[in-house]
Amino acid sequence: PSVPRHTNRLINEKSPYLLQHAHNPVDWFPWSQEAFDKAKKENKLIFLSVGYSTCHWCHVMEEESFKNKEIGEIMNKNFVCIKVDREERPDVDKVYMTFVQATSGGGGWPMSVWLTPDLKPFVGGTYFPPEDGVHRVGFRTVLLRIAEQWKENKDALLENSQKILEALLHRSEIHVRGQESPPPSKEVMATCFQQLSNSYDEDYGGFSESPKFPTPVNLNFLFTYWALHRTTPQGARALQMALHTLKMMAHGGIHDHVGQGFHRYSTDQHWHVPHFEKMLYDQGQLAAMYCRAFQISGDEFFADVAQDILLYVSRDLSDQAGGFYSAEDADSYPTTASGEKREGAFCVWEAEEIRALLPDPVEGATEGTTLGDVFMHHYGVKETGNVSPVKDPRQELKGKNVLIVQSSPELTAARFGLELGRLGALLWEGRRRLSAARAQRPRPHMDTKMLAAWNGLMISGFAQAGAALAKQEYVSRAVQAAAFLRRHLFDPTSGRLLRSCYRGKDNRVEQSAVPIQGFLEDYAFVIQALFDLYEASLEQGWLEWALQLQHTQDKLFWDPKGFAYFSSEAGDPSLLLRLKDDQDGAEPTANSVTVTNLLRAACYSGHTEWVEKAGQILAAFSERLQKIPITLPEMARATAVFHHTLKQVVICGDPQGEDTKEMLRCVHSVFSPNKMLILADGDSSAFLYRQLPFLASLERKDGKATAYLCSNFACSLPVTSPQELHGMLCS
């Protein structure tokens with residue numbers, strides 16, 4: 001590689017996204033006091049650019065504008081330029097995204113915002129092309145116009161930015177109005193189900209035409225709705241919607257059939273042509289959803305997909321110290337000799353490539369059939385490529401194929417006169433050879449930042465899969481990752497979580513000079529993970545840590561006036577707003593997850609004030625939950641858990657005894673959203689016995705492992721057979 005011509009301050013950062021911009025001719029600053037002071041001292045506007053390292057359009061804007069010397073000169077002369085990795089600083093991202101969405105009606109990344117020297121936004125957008133086009137004004141023009149305005153109309157601009165800020169404060173406030181109580185669960189659940197049902201795609205699954213996102217929060221809601229309405233037509237429809245969506249996604253091009261795992265979203269209605277980046281938060285949540293689908297349906301297809309996701313994460317997104325990396329990029333070099341990256345280059349195929357890799361004649365099939373013929377038919381491969389030009393505006397996928405299962409195994413087998421088992425083996429061999437060929441291609445960039453929140457989601461995925469599929473190796477992987485969090489993303493002296501750490505030189509785990517403190521989502525997702533991990537591993541130390549973190553979360557983020565939790569801590573002068581997120585999107589919002597966390601925490605500790613807090617969150621979001629619960633499906637789901645009261649399933653028994661293991665297997669095999677597991681092993685000095693004195697009164701019946709269903713400190717009659725326990729869990 002040639003010696004870079006330019007180097008700016010970002011060279012000293014740890015974030016892979018910021019490091020990608022360290023050699024731009026733009027004099028970038030990180031989000032820092034140094035930048036704010038410079039803007040004030042020189043009386044300059046700030047240009048804030050926010051993105052993340054696996055964002056396709058962020059790369060495009062960098063190539064076109066930030067690497068352009070002339071545009072760089074305009075930026076340096078007129079503005080103090082700041083670059084932010086939204087995954088490192090979701091707090092900064094949310095403040096300015098709230099502004100961009102409010103003023104332009106849309107949002108996304110890269111986000112481009114112009115601020116006054118005291119950080120108030122006044123103009124914003126997303127991607128800008130470098131030069132003026134027919135329909136869009138170019139980035140160069142926007143920069144020059146804004147610089148001119150600042151010279152000519154400074155006072156008007158400052159006044160305007162103050163008004164904008166006041167309007168944002170007013171718009172973004174979420175609080176309890178008067179003596180509100182939690183909204184009625186039955187109505188919230190019914191409305192949310194109806195709204196999802198109306199937006200459901202009957203043919204291909206999912207909840208929009210295009211683009212289509214996996215949105216695990218919708219599926220999680222539908223599974224809970226089904227569990228509470230099993231015998232009704234609506235319950236049956238909820239289950240059908242969730243299972244069909246998961247099946248269509250697994251067959252689609254959004255699922256990487258050769259390299260495992262799921263891409264971020266599909267650009268079309270059929271789940272076919274994705275944006276190819278792979279995000280950790282999707283893998284964690286989808287692994288959990290496919291396990292739930294398996295628990296409910298018993299169909300091994302779903303278990304196989306869950307294992308496929310966990311194979312990808314174990315192999316490609318795992319740090320040797322135990323943490324999980326954030327994401328894998330969409331863009332890569334098509335060959336080692338290529339000069340420029342293309343989207344999807346690592347994942348797509350030409351028909352002749354597949355023919356060359358799979359030339360073997362297939363014995364027993366119709367005359368002249370090769371392995372390539374069978375494979376190409378099953379995965380929808382066409383000679384001229386299977387990507388519609390409409391879905392490929394930059395012609396990066398011309399002549400290429402994105403694999404998609406368009407034929408059932410039965411139909412493919414019948415077409416070539418093969419037995420089903422034989423077909424499975426042939427397709428497996430085809431995927432194996434394509435995988436080996438793909439390993440020779442240049443790999444996409446990996447964002448090796450490790451975030452507490454997303455690691456939490458992934459720990460939940462491994463823990464739930466370990467329990468539901470009875471695979472100890474998944475539980476062990478979750479334990480390893482939780483130990484990593486404790487070692488690298490937790491400060492034992494303050495009891496606080498840290499947001500991020502990084503893979504540094506010699507693959508060592510590194511921390512930035514000033515570590516970023518954890519945000520609300522870090523606490524919510526890690527606490528959820530620790531509860532899931534206790535239920536899978538039955539090690540009480542994880543519970544103890546979860547309850548400590550819940551106390552810390554209450555202290556740092558709770559809003560005692562308006563109820564619910566703020567996304568960020570108080571006391572950062574560079575943050576104009578303390579927001580509360582009000583949308584469950586690609587990830588659930590932290591307040592939604594916290595409702596269930598608080599109910600679980602109360603059940604493990606006996607602290608009933610946590611139940612009260614859960615109700616206060618629901619009250620704060622009451623209006624939204626009653627009108628448009630489809631924007632908060634995870635919180636809508638939590639209203640049901642709150643309303644039905646979480647039940648403790650207590651198994652009294654020796655953890656090593658076969659009878660105890662059988663009872664635990666029974667609990668793990670059933671999806672029951674309003675129940676949580678406790679193992680009472682008789683050790684009265686252990687953490688749970690100290691927290692929950694009533695456990696001491698529960699006995700093993702006739703010396704056998706015995707199950708009780710408890711709620712509000714009262715327990716059912718004991719049962720000793722897994723069959724009876726199964727009936728109790730499903731009631």
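In the protein chain, 59% of the 731 residues count as buried, where buried means under 20% relative accessible area, exposed over 50% and partly exposed in between (1.4 Å probe, protein chains only). This is a predicted model, in which local features need pLDDT of at least 70 and side-chain atom pairs count only at pLDDT 80 or more, while totals for chains, interfaces and linings use all residues. Residues are numbered from 1 along each chain as its sequence is written, and side-chain values use heavy atoms, with hydrogens and water left out.

**The chain as a whole**

- The protein chain has 27 helices and 21 strands; helices (H or I, at least four residues) and strands (E, at least two) are DSSP runs, numbered from the N terminus.
- Its radius of gyration is 27 Å, close to the 27 Å that the globule rule gives for 731 residues, so the chain is as compact as a globular protein of that length. Here the radius is taken over C-alpha atoms, and the globule rule is 2.2 Å times the number of residues to the power 0.38.
- Taken along the principal axes, the box filled by the C-alpha atoms is roughly 85 × 75 × 50 Å.
- Of the contacts between residues at least 6 apart in sequence, 69% join residues at least 24 apart; contact means heavy atoms within 4.5 Å.

**Helices α8 and α9**

- Two packed helices are described by the angle between their axes and the distance between the axes.
- For α8 (residues 185–199) and α9 (residues 216–228), the axes come within 11 Å and cross at roughly 125°. Axes are lines fitted to C-alpha atoms, for helices over the stretch in contact, and angles run from 0 to 180 degrees between N-to-C directions.
- That angle makes α8 oblique to α9; angles under 35 degrees count as roughly parallel, over 145 as roughly antiparallel, 65 to 115 as roughly perpendicular and the rest as oblique.
- The crossing of α8 and α9 is left-handed, a term for a near helix turned anticlockwise from the far one by less than a right angle, with right-handed used if it is clockwise.
- On the α8 side, Met189, Cys192, Phe193 and Leu196 make the contact, and they meet Asn218, Phe221, Leu222, Thr224, Tyr225 and Leu228 of α9.
- In the loop between α8 and α9 you will find Pro211, which is joined to Ser210 by a cis peptide bond with omega about -10°.

**Helices α25 and α27**

- The axes of α25 (residues 658–669) and α27 (residues 722–730) come within 10 Å and cross at roughly 25°.
- That makes α25 roughly parallel to α27, and α25 passes α27 in a right-handed crossing.
- Here the contact is made by Glu662, Met663, Cys666, Val667 and Ser669 of α25 together with Pro722, Leu725, His726 and Leu729 of α27.

- A cis peptide bond runs from Trp109 to Pro110, with omega near 5°, and Pro110 sits in the loop between α5 (90–104) and β4 (111–115).
- Gln395 is not a glycine, although its phi is positive at about 55°. Gln395 lies in the loop between α14 (371–378) and α15 (409–416) and is partly exposed, with a relative accessible area of 46%.
- Asp702 also has a positive phi, near 55°. Asp702 belongs to the loop between α26 (687–691) and β20 (706–711) and is exposed, with a relative accessible area of 67%.
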